[in-house]
Amino acid sequence: MRAIYVLCIRQLKRYVRSPARIIGSLGQPLIFLLALGFGIGAIFKRAGGGNYIDFIAPGIIAMAIMFTAVFSGIEIIWDRQFGFLKETLVAPVSRFEIAFGRVLGGAIVAMLQGFAAFILCLVIGFRVHDWLLVPVAIIFMFLFSLLFTSIGTAIGSVLQDMQGFPLVMNFLVMPLFFFSDALFPLQDLPKFMAGALLLNPVTYGVDGIRGSFSSAFAFHVATDFGVLLVLSAILLAIGSYLFSKIQL
Amino acid sequence: MSDMIVVQDLVKNYGNFCAVDHISFTVPEGKIFGFLGPNGAGKTTTIKMLTTILNPTSGFIRVNGHDPVHERKQVRRSFGIVFQDPSLDDELTALENMDLHGALYGVPRGERMKRAQTLLELVGLWDRRDDYVKQYSGGMKRRLEVARALLHRPRILFLDEPTIGLDPQTRNHIWGYIDKLSKEQNVTVFFTTHYMDEADRVAAECAVIDHGKIVAQDTPAALKQQTDSATLEDAFIALTGHAIREEEGNAVDRMRMMRAAWRGGRR
């Protein structure tokens with residue numbers, strides 16, 4: 001237990017000590033928010049979709065989380081060769097504890113980054129329907145962070161070097177983000193798109209976050225919660241298992 | 001005196017390639033043991049198997065009386081290690097790095113701080129304890145790694161090329177600490193190096209490994225005598241030949257190159 005705790009604290013310290021990184025990784029969400037939010041906002045409104053900033057803000061928060069979380073997992077490749085991770089792999093602590101501590105720390109950091117994106121959205125003009133539901137949104141943000149940190153950990157444990165990184169970004173993270181309800185609503189989509197969206201866990205994560213902020217879920221809140229919880233648990237198990245099998 | 005490390009018929013195959021080919025050796029308690037060999041000879045692979053992070057293909061290993069495959073925790077508690085590549089957290093302070101290590105090894109908090117102070121004073125870093133490691137020079141980082149490896153009072157200290165990329169002054173200092181520690185605390189030291197003069201100076205005994213096989217094992221003086229050489233370097237060349245080893249670059253080498261390109265230095 002102590003190992004999990006100290007490894008979490010380590011990641012939090014690293015996070016708060018590099019404000020440059022926090023602000024730097026808000027750049028991409030900011031561009032999406034400004035360009036899409038204001039660029040497509042007018043058409044979206046004319047089509048009867050309502051306020052587009054309010055619509056995409058949760059998607060942008062999810063994006064900030066996904067990138068931070070997956071990256072924190074991929075960092076394992078580097079960290080196990082040139083960083084502190086190597087030191088933990090020879091410590092008399094079970095690999096599962098180390099994996100769990102690292103995933104948990106990474107997930108908390110990703111959630112904080114999502115929260116930073118949330119504040120950015122508020123500054124741009126995002127409105128929260130019911131502030132009492134913000135804690136629910138935070139729970140969704142955490143589960144979503146846990147899911148993607150686990151995915152990143154699983155990938156980072158298997159890949160041998162950083163050359164696979166663009167592959168992961170372009171063929172996993174980007175499609176998951178774009179083929180979800182992050183940027184457009186579920187209604188009136190071509191059949192294959194609707195199918196893809198329903199199979200994509202990001203859809204449920206974004207719906208959970210969006211639903212909590214707007215008090216209107218596309219699915220039932222329990223569906224979003226259940227899907228995220230079950231998938232996070234499965235991927236956490238897979239990620240920890242693959243991590244425990246790392247040989248240097 | 002008992003043997004701290006016992007290795008018999010150890011083999012590691014990667015597919016068809018035999019990285020470590022039926023090697024056997026023993027390291028007595030309290031001795032400084034040099035493990036020498038050209039690039040790609042199997043030094044690091046052997047250290048990895050001794051330190052539980054790589055499973056052998058076959059063979060017998062005992063580290064402090066325990067089996068690294070089936071008694072990982074006991075083995076891990078027995079040794080401290082300084083890896084070839086850095087393993088500090090650059091964004092924590094030196095003291096935080098020490099503290100984290102102590103916590104992972106289950107050293108009680110108060111004791112942790114006391115030992116950290118003693119060790120940091122020993123390697124001359126106590127005054128810089130609250131600086132971030134990223135502000136340290138390569139030599140300071142190495143000294144910190146040596147200090148950290150000893151925090152949980154291991155019986156064995158593994159050093160994989162501990163002085164690579166360091167200037168002679170720093171190398172000299174680091175070996176001074178290690179020599180002193182091994183004598184004062186009866187710590188067994190197992191190290192690899194490319195610098196034969198270092199091995200000649202500090203090692204009580206050396207094994208020379210080449211192409212995965214141990215080609216000689218004796219005191220530095222006996223190795224020189226045996227090959228009729230003036231220096232250990234000449235003895236090493238006599239034992240392993242003049243051919244430059246063409247190692248195939250693997251994933252780790254590629255990352256090392258990337259890292260060197262970014263930071264403009266080896267460490």
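1. In this predicted model, the axes of helix H3 (residues 27–39) of chain A and helix H5 (residues 52–82) of chain A come within 10 Å and cross at roughly 160°, where axes are lines fitted to C-alpha atoms, for helices over the stretch in contact, and angles run from 0 to 180 degrees between N-to-C directions. H3(A) is therefore roughly antiparallel to H5(A), the term being used for angles over 145 degrees. The crossing of the two is right-handed, that is, the near helix is turned clockwise from the far one by less than a right angle. Helices here are DSSP runs (H or I, at least four residues) and strands likewise (E, at least two), numbered from the N terminus.

2. On the H3(A) side the contact is made by A:Pro29, A:Phe32, A:Leu33, A:Leu36 and A:Gly37, and on the H5(A) side by residues including A:Tyr52, A:Ile56 and A:Met63; residues are in contact if their C-beta atoms, placed from the backbone, lie within 7 Å. By class, 10 of the residues are nonpolar, 1 is polar and none is charged (nonpolar: Ala, Val, Leu, Ile, Met, Phe, Trp, Tyr, Cys and Pro; charged: Asp, Glu, Lys and Arg; polar: the others, Gly among them).

3. H5(A) also packs against helix H11 (residues 201–214) of chain A, with axes that come within 9 Å and cross at roughly 130°, so that H5(A) and H11(A) are oblique to each other. This crossing, too, is right-handed. Among the residues that meet are A:Asp54 and A:Ile61 in H5(A) and A:Ile209 and A:Arg210 in H11(A), and the contact has 7 nonpolar, 3 polar and 2 charged residues.

4. The largest nonpolar core has 137 residues, of which A:Ile61, A:Ala62 and A:Ile65 touch the most other members; such a core is a set of buried Ala, Val, Leu, Ile, Met, Phe, Trp, Tyr and Cys residues joined through C-beta atoms within 7 Å, buried meaning 20 or more other C-beta atoms within 10 Å. H5(A) gives the most to this core, 19 residues.

5. Between the chains, 28 residues of chain B are in contact with 25 residues of chain A. H10(B) supplies the largest share of the chain B side, 5 residues, and that side comprises 14 nonpolar, 5 polar and 9 charged residues.

6. On numbering, residues run from 1 along each chain as its sequence is written, and chains are lettered from A and ligands numbered from 1 in the order in which they are written. Local features need pLDDT of at least 70 and side-chain atom pairs count only at pLDDT 80 or more, whereas totals for chains, interfaces and linings use all residues.

Methods:
Two residues are in contact if their C-beta atoms, placed from the backbone, lie within 7 Å. Angles under 35 degrees count as roughly parallel, over 145 as roughly antiparallel, 65 to 115 as roughly perpendicular and the rest as oblique. A residue is buried if 20 or more other C-beta atoms lie within 10 Å of its own, exposed if 12 or fewer, and partly exposed in between; C-beta atoms are placed from the backbone.
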